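Here's a quick briefing on how the side chains of this protein pack together. Take a look at the model first, then we'll go through the aromatics, the cores and the surface.

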Amino acid sequence: MLTATVWHEIFNFTNYGELLALVRNSIVAGAALGIVGGLIGVFVMMRDLPFAVHGISELSFAGASGALLLGVNVVAGSLTGSIIAAVLIGVLGSRARDRNSIIGVLMPFGLGLGVLFLALYKGRAANKFGLLTGQIVAVDTPQLSWLIVTGIVVLLGLLIVWRPLMFASSDPEQAAARGVPVRVLSLVFMVLLGLAVAISVQIVGALLVLSIVVTPAAAALRVATSPWLVPVLSVTFATVSLVGGILLALGGSLPISPYVTTISFLIYLICRTVPASRR
């Protein structure tokens, strides 16, 4: 009986067709985020910045919860917190050891600030919970517009700096010797990463952004090394995780994040077995 109840909580596709119309904005946002997160995640892995993603997400959470408390646009608050964190990490953390120290300081501060704002917020509990773990119906039309515009900015920025950023990420010393502005590129990339993390928080929540910005790219790097195939696979894995997670979450009563993270993790596990089987 207990097993049936739990299964019903996780998967319940009664009136699924009617419910599908309620998450149209979330599906569009998830597809857009899959493209953005998949592409920028490749550079996150190349530059060894997964820890930075988590640090930025904590300040993004603080910005979003502060906006929720003040009654202003949550996406704008999330973007503000992310950009502040990204700039601080980019400017103060030029070396890996310094960067990790800065992130270690920012993470508890951002999380504590966010918890304070949510404790002061007297509105719906679902709004609080959604900032941490995501909400399937959280994306309304104004938020979708913010997400799409921000995603386009990130994609255009990556397109402009793609070649020098790829060079600087793979061999920073050689790139600097060739005259590539490595530090400027690093700061630009951190800002783009901040924007990508901010829009990711709106879908999967602040605690699980890594499943979109890191896991798909890590999986892609397990099965490919081509500079064009890795981004394609990363985008595919991220999009499948997000859209698939949204569609599965619609049939249950749980937050969206467990479905998205489970799909993303399973893809990574499968990709880990591919090289072993080939060997």
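The count of aromatic pairs comes to two. One of them is edge-to-face, because the ring planes of Phe43 and Trp162 sit at 80 degrees, over the 60 needed, with the centres 4.8 Å apart. Keep in mind that this is a predicted model.

**Aromatics**
- The Phe43–Trp162 pair ties together distant parts of the chain, 119 residues apart: Phe43 belongs to helix α3 (residues 24–46) and Trp162 to helix α8 (residues 141–170).
- Phe43 is buried, at 0% relative accessible area, while Trp162 is partly exposed at 22%.

**Nonpolar cores**
- The largest nonpolar core has 66 residues, and the ones touching the most other members are Ile40, Phe189, Met190 and Leu193.
- Helix α10 (residues 182–204) is the top contributor to this core, with 14 residues.
- Leaving aside residues up to four places away in sequence, Ile40 touches Val154, Leu158, Phe189, Leu192, Leu193, Ala196 and Val213.
- There's also a second, separate core of eleven residues, with Val42, Ala219, Ala220 and Ile263 among them.

**Surface patch**
- Helix α5 (residues 74–92) gives the most to the patch, with six residues.
- Leu88 lies in helix α5 and counts as partly exposed because its relative accessible area is 33%, between the 20% and 50% cut-offs.

How values were computed. Residues numbered from 1 in each chain as written. Predicted model: local features only at pLDDT ≥ 70, side-chain atom pairs only at ≥ 80, totals over all residues. Heavy atoms only, no water. Helix = DSSP H or I, 4+ residues; strand = E, 2+ residues; numbered from the N terminus. Buried < 20%, exposed > 50% of the residue type's maximum accessible area, 1.4 Å probe, protein only. Core = buried A, V, L, I, M, F, W, Y, C linked by side-chain atoms within 4.5 Å. Contact = heavy atoms within 4.5 Å. Phe/Tyr/Trp six-rings, centres within 6.5 Å; stacked < 30°, edge-to-face > 60°.
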